[in-house]
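Dear colleague,

Please find the structure below, handed over together with its sequence.

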Amino acid sequence: MATLPVFRWRLAPDGYATRRQLRAQGLRPGGQGVAAQLERPRRRREPLVAYLYRVDLAKPVRPMTPGRWAALAKANAARRVCPQCRRDAGYVIPASLGSCVPCAYPPPTL
């Protein structure tokens with residue numbers, strides 16, 4: 001198994017980019033594997049690692065089609081529905097609560 005080239009933080013050569021950098025350029029990795037990695041040293045902890053991809057092998061981002069927009073809207077709408085009371089909460093239900101705020105914290109009964 002070949003080891004990846006490792007570069008220090010901010011010292012990667014031209015031609016490499018992270019996923020976010022590729023996305024900012026309108027590109028995606030396009031099935032290629034990780035080409036290199038960056039390491040940012042930290043005190044008393046493991047270094048932060050960022051994976052790099054080759055820009056020349058990257059492919060353009062696929063455009064959003066009407067079907068993909070509809071699927072995304074449906075998925076986001078499902079995240080707003082409370083599983084307990086089945087109402088649209090008006091916001092994305094937090095995973096930490098698992099339900100809308102009124103269901104998670106009902107008012108005390110006297």
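**Findings**

Arg-10 is found in the loop that runs between β1 (6-8) and β2 (16-17); helices (H or I, at least four residues) and strands (E, at least two) are DSSP runs, numbered from the N terminus. The model is a predicted one, in which local features need pLDDT of at least 70 and side-chain atom pairs count only at pLDDT 80 or more, while totals for chains, interfaces and linings use all residues. Residues are numbered from 1 along each chain as its sequence is written, and side-chain values use heavy atoms, with hydrogens and water left out.

**Two residues with positive phi**

Although Arg-10 is not a glycine, its phi is positive, at about 70 degrees. Arg-10 is exposed, with 75% relative accessibility; here buried means under 20% relative accessible area, exposed over 50%, and partly exposed in between (1.4 Å probe, protein chains only). Arg-86, likewise a residue other than glycine, has a positive phi near 60 degrees. Arg-86 is placed in the loop between α2 and α3 and is exposed at 63% relative accessibility.

**The largest pocket**

Arg-10 also belongs to the lining of the largest pocket, together with Trp-9, Leu-11, Ala-12, Pro-13, Asp-14, Tyr-16, Thr-18, Gln-21, Leu-38 and Leu-52. On a 1 Å grid over the protein atoms alone, a pocket is an open set of points where a 1.4 Å probe fits, with protein on both sides within 12 Å along at least five of seven lines; lining residues have an atom within 4 Å of a point. The volume of this pocket is about 170 Å³, a volume being the space filled by probe spheres set on the grid points, which are joined across faces, edges and corners. Its lining comprises 7 nonpolar, 2 polar and 2 charged residues. In this division Ala, Val, Leu, Ile, Met, Phe, Trp, Tyr, Cys and Pro count as nonpolar, Asp, Glu, Lys and Arg as charged, and the others, Gly among them, as polar.

Thr-18, one of the lining residues, sits in the loop between β2 and α1 (19-24). Thr-18 is buried, with a relative accessible area of 19%. Not counting residues up to four places away in sequence, Thr-18 touches Ala-50, Tyr-51, Leu-52 and Tyr-53, where contact means heavy atoms within 4.5 Å.

**Salt bridges**

Side chains of opposite charge can pair when their charged atoms come close. How many salt bridges does the structure contain? The count is 2, with a salt bridge taken as a side-chain nitrogen of Lys or Arg within 4 Å of a carboxyl oxygen of Asp or Glu. In one, Arg-54 pairs with Asp-56, and the closest N and O atoms are 2.7 Å apart. Arg-54 is partly exposed at 34% relative accessible area, whereas Asp-56 is exposed at 54%. In the other, Arg-80 pairs with Asp-88, with 3.3 Å between the closest N and O atoms; Arg-80 is partly exposed at 30%.

**Cysteines**

A disulfide is a covalent bond between the sulfur atoms of two cysteines. The structure holds 0 disulfides, the criterion being a pair of cysteine sulfur atoms within 2.5 Å. The sulfur of Cys-85 has its closest cysteine sulfur in Cys-82, at 3.6 Å, which is too far for a bond. For Cys-103 the closest cysteine sulfur is in Cys-100, at 3.4 Å, again too far for a bond. Cys-85 is partly exposed, with a relative accessible area of 28%, and Cys-103 is partly exposed with 24%.

**Further residues**

Ser-99 lies in the loop between α2 (66-78) and α3 (101-104) and is buried, its relative accessible area being 2%. Leaving aside neighbours within four places in sequence, Ser-99 has contacts with Cys-82, Pro-83, Gln-84, Ile-93, Pro-94 and Ala-104.

Lys-74, in helix α2, is exposed at 66% relative accessible area.

Leu-4, in the segment before β1, is partly exposed at 34%. With neighbours within four places in sequence left aside, Leu-4 is in contact with Val-34, Ala-35, Ala-36 and Gln-37. Leu-4 and Gly-67 are 63 residues apart in sequence, and their C-alpha atoms are 39 Å apart in space.

Yours sincerely
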